[in-house]
Amino acid sequence: MVQQHFIIKNAQGFHMRPATNFATAMAAHPCSVTIRFNGKEVNGKSPMLIMAACIKVGSEIDVVCDGVGENEALAAAAGMIENGFGE
Amino acid sequence: MRITDLLKKEGIRIGASPADKAEAIEQLVALHETCGNLLDAAAYREGILAREAMGTTAIGMEIAIPHAKSEAVKAPALTAMTVPSGVDYGSPDGMPAKLLFMIAATPDGDVHMEVLARMMQLLMDMDLTEKLKNAKTPEEFLALIDAKETEKFPEEVKAAPTPRNEGYRVLAVTACPTGIAHTYMAAEALAKAGERLGIPIKIETNGSGGVKNKLTDEEIANCDGIIIAADKSVDTARFDGKPVWSTKVADGIHKPEELINKIVNGEAPVFKADKKAEASAEVGNESFGRKLYKHLMNGVSHMLPFVVAGGIFIAIAFLIDAAKGVPMDGNFGSVTPVAAWFKAMGGYAFNFMLPILAGFIAMSIADRPGLLVGVVGGFLAANGATFADPFAAATTPSGFLGALLAGFLAGWLLKLFEKLCEKLPRAIEGLKPVLIYPLAGLGMVAVMMCAVNPVMSIINKGLSDGLLWLNQHNLGVLLGCILGAMMSIDMGGPLNKAAYVFGTGMLAAATTEGYMVMGSVMIGGMVPPLAIALSTIFFKNRWTAEERKNGVVNIVMGLSFITEGAIPYAAAYPLKVIPSCAIGAAVAGGLSWLFNCTLMAPHGGIFVVPTIGKPLLYLLALVIGSVVGMLMLAILKRPIKDGNK
């Protein structure tokens with residue numbers, strides 16, 4: 001299991017497009033992807049659950065990947081989040 | 001932020017069948033436009049399309065949520081659409097969209113994210129999305145969302161009604177002497193102001209029907225402070241240790257927000273009621289004049305029922321005798337047995353008039369110990385005992401004025417005496433209210449009234465003689481005019497009450513002039529609402545739609561001699577309404593006197609007209625006065641531009 005701490009940078013937070021893109025990207029990895037936010041655990045492969053978590057700019061989250069290809073998955077997640085989802 | 005705050009039923013389209021995604025978007029944008037959510041529909045549509053160009057907003061499960069943050073949005077809002085046959089929206093799971101929500105968000109703020117998150121939390125529930133897709137009407141659609149939202153976020157629902165039931169920040173008590181109009185107008189104004197300011201407020205009304213919506217001890221303990229908007233004494237001992245802002249009832253009507261802010265900003269002084277005796281008088285921020293008025297009104301309001309019931313009984317007695325055609329001599333009104341019974345019973349009620357008046361004035365000043373001194377003082381004023389003539393065989397009563405004096409002087413003397421008694425040993429504390437205060441009080445008031453009676457009876461006689469003189473020199477009309485005008489100038493305020501109290505006082509004198517005074521007084525109080533009502537009927541262009549609608553009510557108010565009905569109009573346009581009403585009332589009062597109309601009942605309006613001497617001429621005077629008032633209004637008040645302002 002690997003995990004990493006992030007602060008959401010893009011002004012809009014995890015709105016629909018980042019959530020959809022993030023979940024789609026994560027779904028390509030066989031490991032489980034969990035976002036820990038505000039004391040809750042959210043399935044990182046579900047755009048709806050990510051959006052429902054209401055993760056705004058400045059929010060602190062942990063991305064936890066566990067299973068086959070967990071390092072690749074976390075690297076991909078880090079790339080997207082730190083890049084501000086390209087926004 | 002609740003979904004149901006953003007989505008209106010006009011923004012929901014059930015059973016749509018757009019041919020493609022573009023048409024679906026078109027229809028959802030049109031719904032936003034219908035609801036008035038957009039400043040610029042074209043710009044907003046461009047925003048939506050630009051977003052779709054970056055990737056579909058379909059999220060699978062037959063749901064699509066097109067959205068745009070745009071300057072073209074007036075306020076955050078939602079529209080929704082169900083498409084039973086589905087529309088291709090390029091969904092990642094390849095399913096057509098059957099449930100569509102379109103978010104319109106303003107560029108600033110987090111509303112967009114919050115709405116999105118909230119919608120996702122709701123739409124994760126497959127059961128709900130199925131039901132939404134199958135909803136038959138926009139109302140059902142909204143109800144489903146509302147129910148789900150309430151279930152998922154119960155704390156919001158609980159939070160909303162809570163301030164209304166408990167946890168009032170500001171409490172208020174409203175009261176006026178008559179307890180018919182001002183009390184409730186002030187309560188309503190305060191409630192509305194509280195709503196506007198977003199401050200939960202509870203208002204207790206001490207009206208003629210008793211105390212309504214009573215403040216509980218718990219509420220008092222938990223509130224920020226209490227507003228007292230009252231022109232008579234209210235029970236204040238319960239507010240001990242709380243910030244209390246005390247003022248006149250008119251302030252409750254005219255500047256409710258200011259009063260609420262006084263409490264909220266902590267400007268109200270903390271109220272101390274450590275001694276019950278000082279409960280009603282120690283409300284700090286009141287002028288001496290206001291206190292006087294409040295004490296007086298406490299007496300008058302308690303006296304009124306005696307005057308009204310007794311007076312009408314006596315009027316019935318006269319009516320019966322008049323119907324029997326008995327001679328109008330000194331026994332008139334008690335000749336036929338039935339009339340005699342009514343007259344006697346009414347007379348008994350009348351006998352309490354002065355004791356009650358003085359008693360409650362003194363009680364307002366000195367709390368419970370004041371009752372005895374006031375009641376006895378009032379009684380002595382009525383029977384006219386003196387040192388030389390303690391059994392009042394010769395009767396030199398100081399009457400109404402003496403009773404007023406008795407109430408005030410006895411009240412203050414007793415209060416002073418209570419202060420002196422503070423130095424007495426604690427051991428006899430318990431004796432004070434049961435023995436010392438009553439004994440000393442009775443002694444004080446007895447001595448005082450025996451001294452005052454001879455003096456006051458001279459003044460009273462002078463007043464009656466003055467009236468007689470006015471009458472003999474054909475100047476009684478002037479008195480009628482003055483009384484009529486006084487009744488209508490402040491509509492329930494001090495001038496009105498002064499004239500009214502004078503009228504009922506003259507009634508007790510049981511002379512023709514006295515009855516004529518009462519006739520002028522009552523007609524003066526009936527004119528203002530009637531003049532306004534007539535104006536709203538015949539000069540429609542002077543009034544707003546709402547004012548015209550309420551005009552009809554004023555007919556009833558006027559005919560029932562409830563002058564207060566004119567207050568909303570007088571408050572709105574004082575410089576136009578008050579002079580008009582005063583002139584109309586003066587004309588009516590003068591005419592009533594001129595026609596020698598005698599009124600033996602102190603209240604009752606149109607219902608006691610049959611008991612009036614020369615009832616038809618009285619009605620004529622009323623009509624003329626009201627028409628004059630109406631015409632004055634038409635002259636003074638220009639037509640308003642928009643009848644529906």
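**Close-up views of a predicted two-chain model**

**View 1. Pairing of β7 and β8 in chain B.** Strand β7 (residues 170-175) and strand β8 (residues 201-207) of chain B pair in the parallel sense over six bridges. Strands pair here if DSSP finds at least two bridges between them. Strands (E, at least two residues) and helices (H or I, at least four residues) are DSSP runs, numbered from the N terminus. B:Val173 stands opposite B:Glu204 in β8(B). This is a predicted model, in which local features need pLDDT of at least 70 and side-chain atom pairs count only at pLDDT 80 or more, while totals for chains, interfaces and linings use all residues. Residues are numbered from 1 along each chain as its sequence is written, and chains are lettered from A and ligands numbered from 1 in the order in which they are written.

View 2. The open sheet has the strand order β9-β8-β7-β10-β11, with mixed pairing. Its edges are β9 (210-212) and β11 (244-247) of chain B, each with a single partner strand, so one side of each is left without a neighbour in the sheet. Neighbouring strands of the sheet are turned by 15° against each other on average, direction ignored. Helix α9 (residues 182-197) of chain B lies across β7, β8 and β10 (225-230) of chain B and runs at about 175° to β8(B). Axes are lines fitted to C-alpha atoms, for helices over the stretch in contact, and angles run from 0 to 180 degrees between N-to-C directions.

**View 3. Packing of α5 on α6 in chain B.** Helix α5 (residues 126-133) and helix α6 (residues 138-152) of chain B pack at an angle of about 165°, with their axes 9 Å apart. The two helices α5(B) and α6(B) are therefore roughly antiparallel to each other (an angle over 145 degrees). B:Leu128, B:Lys131 and B:Leu132 in α5(B) meet B:Phe141, B:Leu144 and B:Lys148 in α6(B); residues are in contact if their C-beta atoms, placed from the backbone, lie within 7 Å. By class, this contact has four nonpolar, no polar and two charged residues. Ala, Val, Leu, Ile, Met, Phe, Trp, Tyr, Cys and Pro count as nonpolar, Asp, Glu, Lys and Arg as charged, and the others, Gly among them, as polar.

**View 4. Strand β4 of chain A and its pairing.** Strand β1 (residues 2-7) of chain A is joined by six bridges to strand β4 (residues 60-66) of chain A, and the two run antiparallel. A:Phe6 stands opposite A:Ile61 in β4(A). Strand β2 (residues 32-37) of chain A also pairs with β4(A) in the antiparallel sense, over six bridges. Here A:Val33 stands opposite A:Cys65 in β4(A).

**View 5. Contact between chains A and B.** Twelve residues of chain A are in contact with 16 residues of chain B. On the chain A side, the elements that give two or more residues are α1 (16-27) and α2 (47-52). Of these, α2(A) gives the most, with four residues. By class, this side has seven nonpolar, three polar and two charged residues. The predictor gives the complex an ipTM of 0.78 and a pTM of 0.43.

**View 6. Confidence along chain B.** Chain B averages a pLDDT of 82, and 88% of the residues score at least 70; pLDDT is the predictor's confidence in each residue, from 0 to 100. Confidence in chain B is lowest in helix α8 (residues 162-165), at a mean of 42, and highest in helix α25 (residues 615-636), at 94.

Note on methods. Parallel < 35°, antiparallel > 145°, perpendicular 65-115°, else oblique. Contact = placed C-beta atoms within 7 Å.
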